[in-house]
Amino acid sequence: MSSDSKTQIPTAEQRQVIEAPEPNFTVIASAGAGKTFVLVERYLRHVEEELLQPDQILTITFTKKAAAEMKKRIVQRLRQKGLMEQAQIAETGPIQTIHSFCERLLRENSLEAGLDPQFEIMAEDRSARLVTNCVREVLASPFDDEPEAEALIRFLAGKRQGFGDNKSPYGILESAVETVLRELRGSKFDYTAVVDRFSNPTVLRQTWEQVMRDCLPERARSVFDELDVPDLRQRAQQACKEASVSVPGWARGKGDADGEYEGALHACGLVHLACEAWWRLDREMDRLQELDFSSLEIRANRLLLNSQVTRERIRGQYLVIMVDESQDVNPIQYSLLDNLGCERVMMVGDAQQSIYAFRQADVELFRSRAVSGTTKRLLKNWRSVPGILNFVDAVFSGLWGQEYAPMQTNTGPMDFDLDDDRSYEGVEIWRQPAKSPTSTAGYIRELIDEGVEKGDIAILVRDGAGALAMKKVLDEAEIANRITGGSERFYTRLEVRDLANVLRATADPYDDFALLATLRSPMVGLSLDSIALLGMESFVIERLGDFEPPVEGDGLKLRSFLEWYLPLNQIADRLSAWEVLAEIYACSDYLPALARRAKGDQMLANARKLLTLATEEPELGPLEYSDRIREIQDLRHKEGDAPADDNDADLVKILTIHKAKGLEWPVVVLPQTDKALTSRARDVVVEPNLGMVATKFGKGQGIMHKLLTDMKKARNEAEERRVLYVALTRAQRRLCICIVPPSNATTASKLIDGFVDPAQMPGIRVRSTYAPQPRPV
Amino acid sequence: MSTGRIRVLRAIPGSTSLGSILRDFSKKPEGVVTAFADSMLPACRQILGEDSPLEVLSFAEVVRSFLVVCGEEALPLAQSGHKEAALAYSVRGLESDSPFYRCRDFPGFHEALMRTLEELHLWGVDAAEMKELARGAEPRLMRKLNDLAEIDLAVAEVLERLGRHQHSQHIRGCLDSVMEVEGDQSRILVLAGAEECPLRVDWLRWASRQGIDVTIAFDRHASDANIFRGATAMIDQLGVKPGTIGPVNQLLRNLFTDRSEPDEAVRVTKVSAADPLAEVEWALRGSASAARPDRTGIYVRDLESYAPLIEAAAKRLAIPIRMTRRAPLLTNSFARLTLSAIQFSASNDVRSLATVLRSSYLRLSGPNQNELGTQLRTCYAQKQAQWETLENWAKEHTESHEWLVAILDWRRKAANSGWSLPEWFGLLQEFNRDQRLPWARLENKGGLMDERDRRALNQMERLLANHISVDNVTEPSKTSLEGFARLCERIWRSGDVSIPTAEEGIRVASDPALFGDIERIHVLGMLEGVFPRRRSEDPILTDAERHAISALRSFAPKLADSESKAQKERDEFYRVCAAGKSEIVFSYPLADDQRDNIPAFYLTEAERAMGGESRIHTHDYPRQELAPLGEESLFDADRRLRQAIEGPTESPLPLELVTEAAKNAVRPPDGSPFMPHMLRDALQCPFLYLVRYRLNLRVKRQSERWGSLRKLPQSAQLLSKQDLADAEHALQGALESELDLLYADVPDWEMNLLRAGGQRLIRDWLRREERSREKWTKDAGSLKQSVAFGGEYTKNVMPGGVKLEGTLAGISRLGGYNVAHIYGSTNADPKSMTDSDRLYLGLHLLAVHEPGRDGAIEMETTGSKRSLVILGRNASRELASSAVDGLQVVDLATADDLSEAKKQFYDQVKKSLRTAVQTIMEGRVEATRGEHCAWCDYGELCRRSQGFGEDDSPFALEEEEA
């Protein structure tokens with residue numbers, strides 16, 4: 001859809017949203033239906049016809065980029081309409097992300113919130129480090145008064161084989177506690193509620209009984225209530241038997257009362273540890289007056305709940321609220337929006353595109369609002385050619401049945417855009433052996449040979465490993481490409497490790513390892529022979545002056561290194577890390593040395609990115625920053641590589657489907673369709689909507705673990721189907737889907753293949769490197 | 001007394017207008033030039049020149065001098081540090097139901113409160129009026145105003161006792177006085193800008209009433225756009241019709257109007273770069289390459305975040321810049337070192353000196369650092385006598401450690417008793433100037449680093465003095481050394497310090513007034529959300545409350561609200577556009593490290609004002625253009641980088657030793673003995689062997705620290721302990737000694753975790769030791785502890801004549817087995833065992849094997865199991881595992897025929913042994929990729945780690961996973 005709103009005339013379905021008389025309603029907008037246009041036009045209507053001021057309209061978007069884009073369009077439209085004063089107000093007005101709104105709410109009402117008005121927002125890596133430190137502090141504490149926690153620690157500490165490989169004996173516990181902490185903090189349950197229900201195994205068991213009861217077939221529930229069977233699994237089975245209903249999958253199998261007790265004990269212990277860490281985390285954030293994004297939401301929501309003054313102020317401030325992408329709102333955000341108490345709320349979203357459950361987004365909240373209130377629909381997709389829309393409609397009508405809202409429907413008496421012949425032109429099926437990115441690369445080569453521009457192609461993968469696999473085969477096929485956002489392993493890159501070492505070596509010349517690693521890196525580039533000889537004695541720094549290298553060229557390298565290194569190490573610990581990096585980039589030949597390497601552009605980009613990141617933490621000296629890099633490596637924080645080329649460069653883009661949300665390309669390729677849609681069971685399963693946690697650290701799987709795992713699997717699979725929908729709706733002209741031979745697991749490939757029948761789908765193009773099995777009749 | 005004249009001018013901001021205003025005013029030789037904003041003054045001085053008879057003073061100085069002329073008391077003005085300290089003291093007395101109560105300890109709240117009070121003052125609202133207004137206000141506002149009034153009074157009282165006044169007090173003092181005009185004070189020129197401040201306007205009217213000729217210059221737009229509203233309000237307040245002045249160009253005429261009429265030409269360029277660093281580099285190149293670099297400036301809205309990038313880029317490109325930036329005080333290592341020394345003195349642990357030892361000020365060599373570290377641990381072991389022991393040691397080593405003697409002398413004096421804060425201040429000054437401390441010897445040095453330290457020293461003392469002076473006039477008390485250390489940390493942690501800059505170079509600033517007369521301005525960071533900034537309300541007085549106050553004050557000027565503050569964003573943008581006389585370059589980064597950016601809406605407005613996109617110049621620097629192409633490069637750094645980018649690709653360095661000299665050096669002498677784990681590691685990865693055992697390199701990483709706990713049972717001689725209590729005591733002692741060694745490198749939280757982890761391991765070890773003695777009872781009297789290979793029951797010569805060295809934790813007999821007791825981490829699971837694991841175990845089995853007696857290994861790990869490793873079940877004794885007790889018997893025999901199984905196993909061991917020894921003796925060091933890469937710490941040296949090597953694809957690991 002064109003962004004030039006001036007020349008665009010709304011369609012009938014868009015108009016019914018723009019002009020909707022209802023104060024409070026939900027808009028279900030399919031992919032590519034022009035919802036930004038509709039939001040902007042409705043905003044304008046509020047200003048132009050209802051004479052609202054832009055600062056009375058709170059507009060919430062999902063990303064900063066979307067907020068900025070929305071603001072730009074609104075200001076432009078207001079100016080086009082000659083509403084100069086309003087345009088000026090809109091320039092600095094409340095068009096923002098939910099986090100930015102929470103931040104503003106808390107700053108402006110800091111007296112009520114009990115916060116420093118200049119509180120800081122924590123970057124994600126800092127927040128992750130703080131969480132980890134709190135968890136570690138907890139694990140280092142005695143738990144004499146909390147037998148469940150102590151029992152769990154004793155059960156798990158040292159369990160991980162990894163300790164044999166020099167890792168912490170707490171590895172398995174740390175990640176379990178962090179998982180619980182992360183999921184529960186984002187849920188609607190507050191700290192006290194969680195502590196209460198996990199106070200001991202007996203109390204927890206009562207909650208379990210309740211949850212299980214609610215999950216049983218209705219007829220079995222009353223029987224379940226009356227039974228007095230200690231083993232929960234047996235009790236559930238017996239209840240079903242007596243009620244003559246089939247036993248649900250999660251309740252099948254052999255009962256094990258002891259195992260269940262152990263599971264409850266471990267779950268309590270784990271939640272105790274997580275709550276202790278939660279408490280410490282809150283206290284630490286209070287002390288530092290720094291909030292992470294979760295805390296921002298929680299604090300803002302709490303402020304609205306507890307402070308009448310703030311509620312009244314907000315009600316006076318905002319007369320209309322517009323929320324974009326509201327299917328991705330989490331329970332706390334939802335509660336916050338409710339607590340704003342505004343009477344005129346328009347929520348725009350698409351349950352079919354809800355793909356952020358891992359960030360606690362709860363699509364059911366959007367669905368139930370859509371069901372219970374006034375709902376309008378924007379179905380007509382303006383992004384894709386009719387053939388692609390027909391295909392997507394065919395697949396998802398099949399998968400979702402009545403729930404699915406087709407994008408290619410005739411909404412009026414006559415729609416000339418509707419393709420009555422149901423052509424599927426624009427869709428390509430690429431049949432290939434399983435796990436064969438090479439075949440995908442071959443097909444992409446064919447596309448390019450047919451005249452498709454590389455820059456028009458986007459490959460949408462499911463995860464980082466898929467991106468890397470695609471990158472490798474495209475590199476081999478010499479097809480210029482880029483992973484958008486990089487491989488997210490920035491901090492483990494060799495050039496970043498080298499810089500961590502050089503920071504350490506400049507500030508602490510007696511750290512032999514750091515100094516040798518610096519000498520070995522492209523910073524100096526000494527031969528291994530010189531490194532070995534230098535390393536034979538401690539301390540290396542004291543040998544450098546009179547060292548005679550055995551390899552020609554090393555002497556010169558060493559001399560030019562010492563020229564800048566020696567003066568710098570006299571003062572390095574008096575400088576910030578960024579200053580040391582700046583000195584190194586200025587005085588050494590490091591950047592040109594990187595440029596001379598294969599993949600030098602990426603290394604250079606990463607080296608420059610590290611300098612930029614270091615400038616954001618001016619309080620850290622070189623040693624501290626070097627430690628910080630190591631720490632982040634250990635935490636496996638996902639940080640993208642620095643982009644090494646431009647967005648509009650003529651390259652094939654590789655990106656995850658999540659990153660592709662809200663974007664579009666002329667040609668979209670969907671590889672990696674062979675991944676199972678459901679994930680494997682894990683040791684710890686958390687169901688944030690129920691505030692439940694179950695564990696399986698022992699041998700058997702407890703019934704609660706099974707139940708929660710099944711629930712999670714069902715949710716994951718539903719989410720994966722939505723992810724698939726998002727992927728299929730990004731293409732404008734050509735949609736290329738890799739199909740692999742069917743396997744036992746449910747995969748995207750299997751789902752799509754079930755609806756592909758070239759004989760019945762005119763215009764669809766099939767490319768194949770193998771002969772598929774004949775379709776079953 | 002005659003009445004002076006008020007003349008009002010409205011001028012387009014910028015140096016041209018300023019020049020003509022000043023020239024006009026200079027026509028008469030006497031008078032004072034002043035400005036509401038101090039940042040205007042340097043430009044005034046520059047334009048007037050040193051010879052000008054006109055005096056250039058800050059507005060506060062002018063007011064104070066007038067008050068003095070009036071014969072009134074005019075105490076020196078309070079610095080912001082005084083005000084902050086007075087305010088922090090004043091809010092302590094807030095009652096618990098005050099709306100401000102919950103925030104009273106936050107520095108950000110103090111800052112916001114100070115800003116709001118100053119604003120109220122400049123609007124003419126003093127404490128008395130606040131109380132008056134409170135009477136008519138709704139309850140919450142009433143409470144706020146009353147509290148504000150009380151705080152205001154308390155602050156004024158504290159400042160008065162400090163002998164300080166506030167600016168608004170001086171203005172009010174004047175307004176209540178009459179002045180006899182004389183000399184050059186009969187004319188003043190006030191550059192008022194557009195920042196509304198009614199009290200100052202009242203003062204200007206008062207001044208004219210005293211007979212002063214007052215000329216006031218306000219900012220204006222070139223045509224009719226409704227900006228600079230503050231100036232309009234002040235002119236209305238003065239009631240004088242203004243004259244207009246100032247040059248116009250097309251941009252200034254049309255900006256924020258709905259027109260794009262042609263006017264004087266100005267070159268407007270829009271530039272995009274890949275990221276902020278690239279943006280800064282291109283800005284510097286452009287400015288330095290301009291015809292008159294001395295008449296260019298770089299404007300940046302958000303100087304705090306851009307300044308380091310600008311400095312880094314300027315350094316690399318060797319482009320001189322002038323930029324005043326501030327940095328947190330404790331980023332200065334002089335300040336950090338001083339604080340560390342004070343904290344060390346206040347601690348009860350001499351080991352805390354370790355943080356100081358690596359400082360470059362001390363220039364301690366590595367051996368010296370180690371020696372001191374050891375000494376500190378020795379002293380710490382003395383517990384109560386630790387300080388005395390250290391003092392004695394330091395005195396014995398005065399020659400080399402004079403600085404330590406100085407610190408300890410100071411500590412002895414400081415810790416003596418409680419001192420008052422002024423006394424502490426004296427002690428601190430004494431400490432900072434003790435010439436025995438290398439970092440205190442600043443006086444005779446030059447250079448930027450010393451200037452930094454000097455400024456840090458001044459700021460440390462100033463911040464403390466501000467606090468102490470307030471404390472002294474409010475509630476003087478005595479404080480201990482610990483209390484003083486805490487105070488220093490609190491105050492210094494929230495302070496900042498200015499960083500010295502070069503005196504020549506391109507001016508970089510965040511205030512357009514600071515540029516003076518320049519031709520070209522480069523505006524960095526033109527991004528949505530940055531220019532204009534988002535609107536936000538004052539946390540102290542909300543918009544609604546401000547409106548209510550304005551309503552209560554009826555005819556007085558209305559207080560500013562968030563909307564009027566947001567409108568000033570346009571004022572600022574206009575001033576920026578007016579700063580460059582002939583060229584304006586706007587730039588923005590396409591992306592930062594988080595996301596893609598959206599250019600500022602104001603860019604679109606500038607385009608429109610110039611008549612459309614085609615009328616401005618645009619340049620987009622591609623991401624890969626890291627340096628100007630070929631001949632365009634003016635800078636050496638660019639030329640070198642460009643040559644490298646365009647030159648041939650270099651291969652990574654060889655991963656093997658190539659010279660005989662190096663091979664000989666790393667090769668142990670013929671016949672050298674080996675420890676079993678050396679051979680295991682050599683087989684696993686020759687590079688690992690080289691670095692660990694030939695170069696003896698250890699990396700200070702967390703994994704290494706956890707690994708160090710593994711040796712505790714051996715160092716505690718667990719095997720020899722007769723009862724559990726003894727064993728536990730010994731293990732606890734060993735743990736503490738181990739932690740003691742780590743003290744300097746480990747943060748507190750990790751130390752706690754290591755201690756807790758160690759104690760839990762100890763519990764497990766004790767339990768398994770007890771169970772093992774019960775279940776795998778050794779033959780009576782057979783246990784020998786710490787047995788070297790070749791000693792009792794053991795061999796040290798392996799197949800091929802390879803000699804083993806090292807010491808087993810113990811050896812014992814169990815039925816027909818000779819059992820080697822070891823503490824290690826080797827995998828004992830036959831299903832996943834590698835050749836290196838087999839070699840390690842096989843060497844032990846061979847070492848304890850004797851005719852008629854099989855070898856066995858009892859191996860304790862830091863995992864949850866103790867393994868008894870055997871090679872085939874010996875019929876003489878039944879050996880059972882016990883999962884509950886964490887005991888497992890591992891039989892390495894994989895064939896039914898026992899002798900065949902043994903043969904197979906030992907053949908493999910012999911083969912591996914041969915390979916390992918051969919690898920070592922041939923000086924082969926090329927790294928082997930494998931699972932060990934996941935934990936090996938030496939990847940940066942071997943450079944072919946599975947995770948991130950550079951010899952081929954760094955993605956190898958993920959590819960395999962994929």
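**Two chains and their contacts**

Across the interface of chain B and chain A, the rule finds 41 residue pairs in polar contact, counting pairs with both residues at pLDDT 80 or more. The model is predicted. Helix α32 (residues 748-775) of chain B gives the largest share of the side of chain B that touches chain A, with 8 residues. The residues on that side divide into 56 nonpolar, 32 polar and 50 charged.

Now take the interface as a whole. On chain B, 138 residues are in contact with 132 residues of chain A. The size of an interface is often given as the accessible area lost when the parts come together. Here chain B and chain A bury about 12,100 Å² between them. Of that area, 56% lies on carbon and sulfur atoms.

Charge pairs also cross the interface. Between chain B and chain A, the count is 18 salt bridges. Arg596(A) and Glu650(B) form one salt bridge, with their closest N and O atoms 3.2 Å apart. Over all chains, the structure holds 139 salt bridges. Glu940(B) and Arg497(A) form another, with the closest N and O atoms 3.8 Å apart. This pair crosses between chains, from helix α35 (residues 939-942) of chain B to helix α22 (residues 494-507) of chain A. Buried means under 20% relative accessible area. Glu940(B) has 1% relative accessibility, so Glu940(B) counts as buried. Arg497(A) has 11%, so Arg497(A) counts as buried too.

Other salt bridges stay within chain B. The side chains of Glu607(B) and Lys270(B) meet in one, at 2.7 Å from N to O. This pair links distant parts of the chain. Glu607(B) sits in helix α24 (residues 601-609) of chain B, and Lys270(B) sits in strand β7 (residues 267-273) of chain B, 337 residues apart. Both Glu607(B) and Lys270(B) are buried.

Asp835(B) and Arg838(B) give a local case. Their closest N and O atoms are 3.1 Å apart in a salt bridge. Both residues lie in helix α33 (residues 835-848) of chain B. They are 3 residues apart, about one turn of the helix. Asp835(B) has a relative accessible area of 38%, so Asp835(B) is partly exposed. Arg838(B), at 23% relative accessibility, also counts as partly exposed.

Salt bridges can also join into a network. One links Arg768(B), Glu769(B), Arg773(B), Lys778(B), Glu858(B), Glu860(B) and Arg866(B).

Next, the sheets. Strands of a sheet pair through backbone hydrogen bonds, either parallel or antiparallel. In chain B, 6 strands form an open sheet in the order β3-β2-β4-β5-β1-β6, and the pairing is parallel. Strands β3 (55-56) and β6 (243-245) of chain B stand at the edges with a single partner strand each, so one side of each is left without a neighbour in the sheet. Further in, 6 bridges join strand β4 (residues 187-193) of chain B to strand β5 (residues 213-219) of chain B. Leu189(B) has Thr215(B) as its bridge partner in β5(B).

Strand β10 (residues 457-461) of chain A runs parallel to β13(A), joined by 3 bridges. Ile457(A) stands opposite Val667(A) in β13(A). Strand β16 (residues 731-739) of chain A also runs parallel to β13(A), joined by 5 bridges. In β16(A), Leu735(A) is the bridge partner of Val668(A).

Key:
Residues numbered from 1 in each chain as written. Chains lettered and ligands numbered in written order. Predicted model: local features only at pLDDT ≥ 70, side-chain atom pairs only at ≥ 80, totals over all residues. Heavy atoms only, no water. Pairing = 2+ DSSP bridges. Helix = DSSP H or I, 4+ residues; strand = E, 2+ residues; numbered from the N terminus. Contact = heavy atoms within 4.5 Å. Buried area = accessible area lost by both parts, 1.4 Å probe. Salt bridge = Lys/Arg side-chain N within 4 Å of Asp/Glu carboxyl O. Polar contact = N/O pair within 3.5 Å; in protein donor to acceptor, adjacent residues only side chain to side chain. Nonpolar A, V, L, I, M, F, W, Y, C, P; charged D, E, K, R; others polar. Buried < 20%, exposed > 50% of the residue type's maximum accessible area, 1.4 Å probe, protein only.
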